[in-house]
Amino acid sequence: MAKRILIINGSPIKNGNTATLVNWFVEGARLKGADVEIVNAAFLKYRSNGCISCRKCQKIKEYLCVIKDEAQPVLQKMTEVDAIVMATPLYFYGPSAQLKLVMDRMFSLYKWDNKAGTMKTPLKGKTFALIASAFEDVGLDNLEKPFAITADYSGMKFKSLLVANAGESGEVKKLAGIKEKALAFGKQVGT
Ligand SMILES: Cc1cc2nc3c(=O)[nH]c(=O)nc-3n(C[C@H](O)[C@H](O)[C@H](O)COP(=O)(O)O)c2cc1C
């Protein structure tokens, strides 16, 4: 069966380094027959500034963010696919705020019972992948940590493609060997 992949691109630059890496990844994944959807987190219409910690998602049966905006179906789609890919530029040693607007609302994809000390999530068993680039060669390891720990916490398999020295938006195309790496990463996740 074709792998279903949801990519959430957190860059505000439409044809920048993140978009380039994502496009190469998609090319590789589609070569393996994967069914890929890309969502641009920077251009969704939101009714909140990220997760507002209303906790209403904890009081309903469904794994659903109760805020009815364009991020809501994206969060729902996360529960349906085989692999979730988050793509971001490095912004001050972390992911972009645009990506975090969606990521923090993944709170709705867990049910905690703090008395029993249990957690349930439909994310368990999926692949969680990160594609990130930075101008310099400092900080991508720091950026990777919350993604890797989230994957571990959720019972997801974690994979990443980190591109240091990618330069300014668009310049990643000049880096030797990166297109091949991104294609191979897409093939790996898409298989
Ligand atoms: C707000 C902002 C913060 C950034 N912070 C860093 C940083 O801390 N370290 C770094 O190496 N590059 C930093 N960069 C550069 C980008 O991470 C890098 O150029 C990235 O590849 C751009 O991807 P894009 O074209 O998809 O936006 C920053 C860029 C911006 C606009």
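A cavity here is a set of points, on a 1 Å grid over the protein atoms alone, where a 1.4 Å probe fits but cannot get out. The volume is the space filled by probe spheres set on those points, which are joined across faces, edges and corners.

Some housekeeping. The model is predicted, and local features need pLDDT of at least 70, side-chain atom pairs count only at pLDDT 80 or more, and totals for chains, interfaces and linings use all residues. Residues are numbered from 1 along each chain as its sequence is written, and side-chain values use heavy atoms, with hydrogens and water left out.

Back to the cavity. Searching the whole structure for cavities of 30 Å³ or more turns up one. Its lining residues (an atom within 4 Å of a point) include Cys51, Cys54, Arg55, Arg105 and Phe107.

Which residue has a side-chain N or O atom 2.6 Å from a ligand oxygen? That is Ser169. Polar backbone atoms also come up: one of Gly167 is 2.7 Å from an oxygen of the ligand, and one of Phe135 is 3.1 Å from a ligand oxygen. Taken alone, the ligand exposes 650 Å², and the protein buries 78% of that; the areas come from the Shrake-Rupley method with a 1.4 Å probe.

Conventions: Polar contact = N/O pair within 3.5 Å; in protein donor to acceptor, adjacent residues only side chain to side chain. 1 Å grid on protein atoms, 1.4 Å probe; cavity = no way out; pocket = protein on both sides within 12 Å on 5 of 7 lines; lining within 4 Å.
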